[in-house]
Amino acid sequence: MAILSVLESSDSDVILIKYSLINETFTSIKVFGNPVTAGQGVQVVGPLNTNHSGATNINGTFTLTVPISTFTTNNLSWKGVYMFELNTLSSGAAVSSYGSVLLGKVIDCCIADKMYTAVDCDCTDDKCNESLLDAQKMFLFKQSAEFALKSLNNADGPNSLTSQAVIQDAQKKYDKAVELCSTGCGCGGSGSGSNSVSSGSGGY
């Protein structure tokens, strides 16, 4: 089984995917929205979007990026929890590996907005403390959701009751964090980017 990891970039504008193949043939990467439903994945990366295009029996570790534009093209919002599925062929048999990620740009912007409000307001204003507490709560909700997603292993797919429960819990924490953001922070879920491109080293 391939090893898959999925992370949000530091600027929150791309998803970073890293995968290792051991004598496998890459077929696709799909993404599932929440709630996760088997058979409802949307392909976001095909063999031609990798630097091992069309090769078989691949060995090595590779990375690729999925930009916001790929999500918008597929009518997917750049926020909340998503599960990714890496599909390969190993000795002629189909194999799938999974990884989940929280896209938290909206929360990060709101936390920054709350912190600016707390710093700029009059220290005698109770709203200063409220803004600071809200920022802390949002940060903790996000951290808790991300920690929960990291507890899943590569075998926990859309049919796994464990993954379904963890992803739903992470999404609820994300939603609670967003609820605490009562003011606009000027950060939307749009942006520009190129098609997915992978890099890495390996043999095939």
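Figure 1. Ser91 sits in the loop that runs between strand 5 (80-90) and strand 6, in a model that is predicted. Although Ser91 is not a glycine, its phi is positive, at about 55°. Ser91 is exposed, because its relative accessible area of 76% is over the 50% cut-off. Asn23, which belongs to strand 2, likewise is not a glycine and has a positive phi of about 55°. With a relative accessible area of 38%, Asn23 is partly exposed. As background to both residues, most residues other than glycine have a negative phi.

**Figure 2. The cis peptide bond from Asn34 to Pro35.** The bond that leads from Asn34 to Pro35 is cis, and its omega is near 5°. Pro35 is placed in the loop between strand 2 and strand 3 (42-45). For reference, most peptide bonds are trans.

Figure 3. Lys30 is part of strand 2, which covers residues 14-32, and is partly exposed, with a relative accessible area of 27%. Leaving aside residues up to four places away in sequence, Lys30 touches Gly41, Val42, Gln43 and Val44, and also Met83, Phe84, Glu85 and Asn87.

**Figure 4. The disulfide between Cys110 and Cys181.** The count of disulfides comes to one, and this link joins Cys110 to Cys181, with an S to S distance of 2.2 Å. The link of Cys110 and Cys181 is left-handed, with -80° about the S-S bond. Cys110 lies in helix 2, whereas Cys181 lies in the loop between helix 4 (161-179) and strand 7 (198-203), so the pair ties together parts of the chain that are 71 residues apart in sequence. Cys110 and Cys181 are both buried.

**Figure 5. Helix 2 and its buried residues.** Helix 2 comprises 16 residues, 105-120, which at 1.5 Å a residue should span 22 Å; the C-alpha atoms at its ends are 23 Å apart, in agreement with that expectation. The buried residues of this helix are Lys105, Val106, Ile107, Cys109, Cys110, Ile111, Asp113, Lys114 and Ala118.

**Figure 6. The largest pocket and its lining.** The volume of the largest pocket is about 340 Å³. Its lining is made up of 18 residues, of which Val6, Leu7, Ser100, Val101 and Lys150 lie nearest the centre of the pocket. Strand 1 (3-8), strand 6 (93-103) and helix 3 (126-150) are the elements that give two or more residues to this lining. Sorted by class, the lining residues of the largest pocket are nine nonpolar, five polar and four charged.

**Figure 7. The whole protein chain, as context for the close-up views.** The secondary structure of the chain comes to four helices and seven strands, which follow one another along the sequence in the pattern β-β-β-β-α-β-β-α-α-α-β. Of the 204 residues in the chain, 44% are buried.

Definitions and conventions: Residues are numbered from 1 along each chain as its sequence is written. This is a predicted model: local features need pLDDT of at least 70, side-chain atom pairs count only at pLDDT 80 or more; totals for chains, interfaces and linings use all residues. Side-chain values use heavy atoms; hydrogens and water are left out. The expected span of a helix is 1.5 Å times one less than its number of residues. Buried means under 20% relative accessible area, exposed over 50%, partly exposed in between (1.4 Å probe, protein chains only). On a 1 Å grid over the protein atoms alone, a cavity is a set of points where a 1.4 Å probe fits but cannot get out, and a pocket is an open set with protein on both sides within 12 Å along at least five of seven lines; lining residues have an atom within 4 Å of a point. Grid points are joined across faces, edges and corners, and a volume is the space filled by probe spheres set on the points. Ala, Val, Leu, Ile, Met, Phe, Trp, Tyr, Cys and Pro count as nonpolar, Asp, Glu, Lys and Arg as charged, and the others, Gly among them, as polar. Contact means heavy atoms within 4.5 Å. A disulfide is a pair of cysteine sulfur atoms within 2.5 Å.
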